[in-house]
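Here is a short briefing to read alongside the structure. Take a moment with the view below, and then we can walk through it together, topic by topic.

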Amino acid sequence: MTDAAQASLGATAPGEAPSTRRPRAPIGEFAFAAVCAALGVYAIVGAGFIRVPPGSASVLGPRVFPYAVGVLLVAASIAVIVQVARGRRGVPDDGEDIDPDAPTDWLTVGKLIVCFLSQLVLIELAGWPIAVAVLFAGAAWSLGAKRWWVALGVGLGLGLVTQLVFGVWLGLSLPAGPLLDWISIFHG
Amino acid sequence: MDSLTALLEGFATALQPQYLLYALFGVFIGTAVGVLPGIGPAMTVALLLPLTYSLDPTGALIVFAGIYYGGMYGGSTTSILLNTPGESSSIVTALEGNRMAKAGRGAAALATAAIGSFVAGTAATLALTFLAPGIAKLAVQLGPADYFALIVVAFLTVGALLGSSVPRGLVSLGLGLLLGLVGTEVLSGQQRYTFGIPSLADGIDVVIIAVGLFALGETLYVASRLRHGPVRIIPVGGGWRTWMTRSDWARSWRPWLRGTAIGFPIGTIPAGGADVATFLSYAAERKLARGGAKAEFGRGAIEGVAGPEAANNAAAAGVLVPLLTLGLPTTATAAIIISAFQSYGIRPGPMLFENQSGLVWALIASLYIGNVMLLVLNLPLVGMWVKVLRIPRPYLYAGILSFAGLGAYALHFNVFDTLTLLVVGLAGFLMRQYGYPVAPMVVGGILGPMAEEQLRKSMAISQGDLLYLVHSPFAITAYVTLAVIVALGVWLKRRKARYEAAPTLVPTGAIAAVDEREPEKS
């Protein structure tokens, strides 16, 4: 582990080729490919449980295509695993806001997931505007916004505006929530 | 001449004040969102889909066409002015455009990109106007086996050509196909992979797959390695009237036309969309450059912006040909557009020009109108787009997450979709992390059910004889072409990788000087 840390520190030194950026053992890459292969196995096994209606006229039943998809997934995943084992690593995506030398910040990713999960509870319990305010403020804070009250204010504003535009003006039935339900304008 | 009359009728619809407003709204919001860094055309279209939920089909498609073209325009602004590469179809533009901007010629780069996009967009839309009805007429005669062949071609080219390796593209495709399987199977009414959950019985909407992969997946991925510190935007000086000098025009018009000629055909075949077209155009311009221009390549040659930008937009129009005439999406963006059609109960395909001709021609007419609007909107408003580029990143991505949540919830007003979105988003994050392309997954999600339907239809016709799949000359041609396309594509990708790996010829001193000056400005 210390070796890996050492190596990744050394790799960020200027002048080094980007291909040697992450010399750690690609556990994550193997794991992801393995999960994909497992999904393929699941597709194959699950296909066996699809009920074929007796006496159906169609030659190709509802199971055949799922079998094919499962086989494709398993075969492709194994091919990826072989490639990775031979040293052909995946190239992480580029992007305008991506720092290619930064290590993966799992904590921030976790925080964002939690913020997004809050939608599951809040949309129907507290209403759309509040759910957006919480998601927005939480996400902005996780991503490093300095002033949380600004984030909360912007989030609340965004929630109310989307409620008005989508819920009232465009007629989508977004729940206004118990706090706003008594204001007649928020009824779609 | 038939299509000309129909087109004029389309214009009569699209020029109605309310539809003009819709078009203006579409191109405006499409550009604004497309300019945002990290948001490519596919994400723009996916995020803005809820806007069209309550419009009438014609209005919705007009807004959508505007968003589609606007997102394309916006992307080029980002890649020219931001100090880092942009979305895949604009990266080639960034190669030269970014350097032009650093050398103080940003205005010329933006202008040649915008005007080139207009020229290419208009020319390609013209080609679409005259090609599409003919292709639709031919396509009516295609049987299920032919369709299956076309879909297989689309699968394999999209799967094999995108991403860093062929197996990774196929894994992505397989995941999309698996998601496409979930739900109630149409022919026999059996539930597949639904775990008995009623929400899953209707299947997983492609919008969920697209928003999850592009909006949520991208945000999580950016969050995992966010670039901190000030946003570096290259300043653009001078008024927009003096943007392009006489020599800029002289050097631009040929690349525009060549870019269009390269982009449109590539857009129409399932070969990975705009990405391949822009690269080919760039390579062509680099080869054709003579004298001073040749020396400028790598340091900001205007041909290297004009050509690829034109190719990009021509390909965007080209993608609409198989989309409208065959109902085949060949890019992730096209897959989302198809699902928008489907949500109105419209099935794109050969019958579209007969059954919904009013709608289709209004859509095509609005593409012309949108292009003009974009030209007018983009040149003078660049100052505004630059401000959009400066949005602090935490707020930008928090906003993307909020709109992703809206897009998922507004589908069925059920938080189960939100949960599905999160799962797909996580998959999208991991796929980016490990170098899997996400576009094949979106295409697989929408084309998978179509492929199965056509396959089962063919098998029903042939009583289970697999040879039926290759009985028609069309299907055989398709499979042969597939082999050629894949071989050619893999070869092209190798070349592209070599281009990108080659060290650039920029005198780094000049760039460093620009970089140092910047923080004062922001």
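**A helix covered from both chains**

The buried residues of H4(A) are covered by, among others, helix H5 (128-142) of chain A and by H9, H18 and H19 of chain B. Please keep in mind that this is a predicted model. It scores ipTM 0.84 and pTM 0.85.

**More on helix H4 of chain A**

- Which residues of H4(A) are buried? They are Val109(A), Leu112(A), Cys115(A), Phe116(A), Gln119(A), Leu122(A) and Ile123(A).
- In an α-helix there are 3.6 residues a turn, so residues three or four places apart point the same way.
- Gln119(A), one of the buried residues, is also where H4(A) bends by about 30 degrees.
- The length of the helix can be checked: its 20 residues (106-125) should span 28 Å at 1.5 Å a residue, and the end C-alpha atoms of H4(A) are 29 Å apart, so the two agree.
- After H4(A) comes Gly127(A), which has a positive phi near 100 degrees.

**Where the chains meet**

- On chain B, 67 residues are in contact with 67 residues of chain A.
- Five helices of chain B each give two or more residues to the side that touches chain A: H7 (166-181), H9 (206-224), H18 (393-412), H19 (415-433) and H20 (439-462).
- Which element gives the most to this side of chain B? It is H18(B), with 12 residues.
- By residue type, the side of chain B that touches chain A holds 38 nonpolar, 20 polar and nine charged residues.

**A closer look at Ala408(B)**

- Ala408(B) sits in helix H18 of chain B.
- Is Ala408(B) buried or exposed? Ala408(B) counts as buried because 30 C-beta neighbours lie inside 10 Å, where the cut-off is 20 or more.
- Leaving aside residues up to four places away in sequence, Ala408(B) touches Ile208(B), Val211(B), Asp417(B), Thr418(B) and Leu421(B).
- Ala145(B) is 263 residues from Ala408(B) along the chain, and their C-alpha atoms are separated by 35 Å.

**Chain A as a whole**

- Chain A has six helices and zero strands, and along the sequence its pattern reads α-α-α-α-α-α.
- Of its 188 residues, 36% count as buried.
- Taking the contacts in chain A between residues at least 6 apart in sequence, 51% join residues at least 24 apart.

**Chain B as a whole**

- Chain B has 22 helices and two strands.
- Buried residues account for 61% of its 522 residues.
- Of the contacts in chain B with a separation of 6 or more, 80% are between residues 24 or more positions apart.
- For a compact globule of 522 residues, the radius of gyration would be near 24 Å; chain B has 22 Å, so it agrees with that expectation.
- Along the principal axes, the C-alpha atoms of chain B fill a box of roughly 70 × 50 × 50 Å.

**Confidence in chain B**

- The mean pLDDT of chain B is 83, with 91% of its residues at 70 or more.
- Which elements of chain B have the lowest and the highest mean pLDDT? Helix H22 (residues 508-521) of chain B has the lowest, at 40, whereas H19(B) has the highest, at 94.
- Over residues 503-522 of chain B, pLDDT stays under 50, and the model has 17 contacts beyond four places in sequence for this stretch.

Note on methods: Residues numbered from 1 in each chain as written. Chains lettered and ligands numbered in written order. Predicted model: local features only at pLDDT ≥ 70, side-chain atom pairs only at ≥ 80, totals over all residues. Contact = placed C-beta atoms within 7 Å. Helix = DSSP H or I, 4+ residues; strand = E, 2+ residues; numbered from the N terminus. Nonpolar A, V, L, I, M, F, W, Y, C, P; charged D, E, K, R; others polar. Expected span 1.5 Å × (residues − 1). Bend = angle between axes of the 7 residues up to and from the residue. Buried ≥ 20, exposed ≤ 12 C-beta atoms within 10 Å, placed from the backbone. Rg over C-alpha atoms; globule rule 2.2 N^0.38 Å. pLDDT = per-residue confidence, 0-100.
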